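Trainee: Could you take one part of this structure, look at it closely, and then work outwards to the rest? A connected account would help me more than a list.

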Amino acid sequence: MSASDTLRRTALYDEHRALGGRLVPFGGFEMPVQYAGILKEHDAVRQRAGLFDLSHMAQFELFGDGVADWADALTVNAIGTMKPLQARYNIFTNERGGCHDDVLFYRLPDRWLLVVNASNAGKMWTYLQERNGRGDVRLENRHGSRALIAVQGPAAVAIVAPLCDLDTASMKYYFCAEGTVAGARALIARTGYTGEDGFELFVDGDDAPALWKTLLENGREAGLEPAGLGARDVLRLEAGMPLYGFELSEELSPLAGGQKWAVKMNKPEFVGKSALDAQLAADDYDRIAGLVLEGRVPARTGYAVFEGDRRVGEIKSASLAPSVGNHHVATALVTKAAAEIGTQLEIEIRGTRYGAQVVGLPFYKRT
Amino acid sequence: MAVPAGLLYSKEHEWVKLDGDVATVGITDYAQNSLGDIVYVELPRVGASLTQFGSVGVVESVKAVSDLFTPVGGEVLGINDALENDAAPVNRDPFGDGWMWKIKLADTSQTSALLSPEQYEALIAEAAH
């Protein structure tokens, strides 16, 4: 049996094929890494708008009055304080303060939607069930049956709003509402992973192909283009957003991964709190730093990082960054001292060292 | 995918244009298309002595690093310096402005190990399946 026999397809598989998308295995699905080209798609999202299929990400629905308390005890960010129709980034931690996954919670009138990374879908589903031994909440796994389509970019509102039966133009960032988009029942959320304004549209898989086609057609004039996971990775890196498996992992805490802002130590108790408390007190942990490279030579995950003669860490993510002066940028896990903004570091690439400077994250912020 | 006549090709997706015992080398249209947006090219040094089919440099796309192999061996006479600052011509014009190095063949019989345009077309047609 070849690897492709075990890969799943999203509801939009035929659309990707028809658009000439290059399909690669990602998180157990055959996903488009690019259509016209990563840099062209990146440009579309920054200047106009891009259309993404994110149906590989797992959608879990949580029901019951106990969801907020139950989830607050498993995660670093505050859940109980979320307002109805609010979305919030969060991280499920392990006892050592490492990360099981980074996620988004959406608080809906009658339930919660939890979106987890495709690569962690199986692990997270098992974990949530294990942690629900007393039956505090009811969990429904919609992975694969529910689709997720994102429209991201400055033209997103102009493209999406006319198709909706509710006022999405005045919807606040990180809020959502239930309504219809092009006739399809949807959870419409002003969220994303690109550093641009935009929407994420959660719909039934059966409704996804028609919605995808309508969006492409209606968005054509505004410059909407299909965009793949390759462009998404460049966009999120420029925007300083972590990717699980790179800036965050079971071994890397939210603090190390640069997500201290999301860690609410004033919560009474949560998994890994004492470990994170100890990390904060000692403040000597290696941490993610943003690097801008000086030359034209790209860095890659795993390359060694030096300060003078001393190895101080390694590259986690790297890319050419068109929105950062077309420099190459990277994240690196380095010592506390090396992570200071302005530090001059070197990256070893095929035996030669190339200069890089530590800068504050994000690399790119929309104006 | 363009496979111009009058060139020879390698299984590693480089093309060779022969002019007597001097060859110009680049990567094919198929190669640039497979790699996607190319952001950096590391070429052999002028004067270096290369062995046929040896790894002599790298080509990097947004997503990946790939080795460059030389389809013929000999001494490097010149390189396309312009690519060091801007590798985009490799995507835009792989058989023209995207050329990579010129090499003086150590032994012209090496070309018998290369593919004709027809053979190369068959190779990439097979790779597409």
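**Ala121(A) and its surroundings**

Mentor: Leaving aside residues up to four places away in sequence, Ala121(A) touches Ala58(A), Phe60(A), Val116(A) and His143(A). Keep in mind that this is a predicted model. Ala121(A) belongs to helix 4 of chain A, which covers residues 121-130. With a relative accessible area of 6%, Ala121(A) is buried, since the cut-off for that word is under 20%. Asn90(A) lies 31 residues from Ala121(A) in sequence, and their C-alpha atoms are 15 Å apart in space.

In helix 7 of chain A, nine of the ten residues are buried, so the helix is mostly covered. The buried set is Leu229(A), Gly230(A), Ala231(A), Arg232(A), Val234(A), Leu235(A), Arg236(A), Leu237(A) and Glu238(A). Their cover includes helix 2 in return, along with strand 1 (22-26), strand 2, strand 3, strand 16 (310-321) and strand 17 (327-334) of chain A. Just past the end of helix 7 of chain A, Gly240(A) has a positive phi of about 70°.

Chain B has a sheet of its own. It is open, with six strands in the order 1-2-3-9-8-5 and antiparallel pairing. Strand 1 (8-9) and strand 5 (49-50) of chain B are at the edges with a single partner strand each, so one side of each has no neighbour in the sheet. For strand 5 of chain B, two bridges make the antiparallel link to strand 8 (residues 74-79) of chain B. Leu50(B) is set opposite Gly74(B) of strand 8.

That leaves the place where the chains meet. There, 16 residues of chain B are in contact with 19 residues of chain A. The two chains bury about 1,300 Å² between them, with 48% of it on carbon and sulfur atoms. Between chain B and chain A there are eleven residue pairs in polar contact, counting pairs with both residues at pLDDT 80 or more. Four salt bridges cross the interface. In one salt bridge the side chains of Arg300(A) and Glu60(B) meet at 2.8 Å, N to O. On the side of chain B that touches chain A, helix 1 (29-35), strand 4 (38-42) and strand 6 (55-61) of chain B each supply at least two residues. By class, that side of chain B has six nonpolar, five polar and five charged residues.

Technical notes: Residues are numbered from 1 along each chain as its sequence is written. Chains are lettered from A and ligands numbered from 1 in the order in which they are written. Side-chain values use heavy atoms; hydrogens and water are left out. Contact means heavy atoms within 4.5 Å. Buried area is the accessible area (1.4 Å probe) that two parts lose on being put together, summed over both. A polar contact is a pair of N or O atoms within 3.5 Å; within protein, one must be able to donate a hydrogen and the other to accept it, and residues adjacent in sequence count only if both atoms are side-chain atoms. Helices (H or I, at least four residues) and strands (E, at least two) are DSSP runs, numbered from the N terminus. Ala, Val, Leu, Ile, Met, Phe, Trp, Tyr, Cys and Pro count as nonpolar, Asp, Glu, Lys and Arg as charged, and the others, Gly among them, as polar. Two strands pair if DSSP finds at least two bridges between them. Buried means under 20% relative accessible area, exposed over 50%, partly exposed in between (1.4 Å probe, protein chains only).
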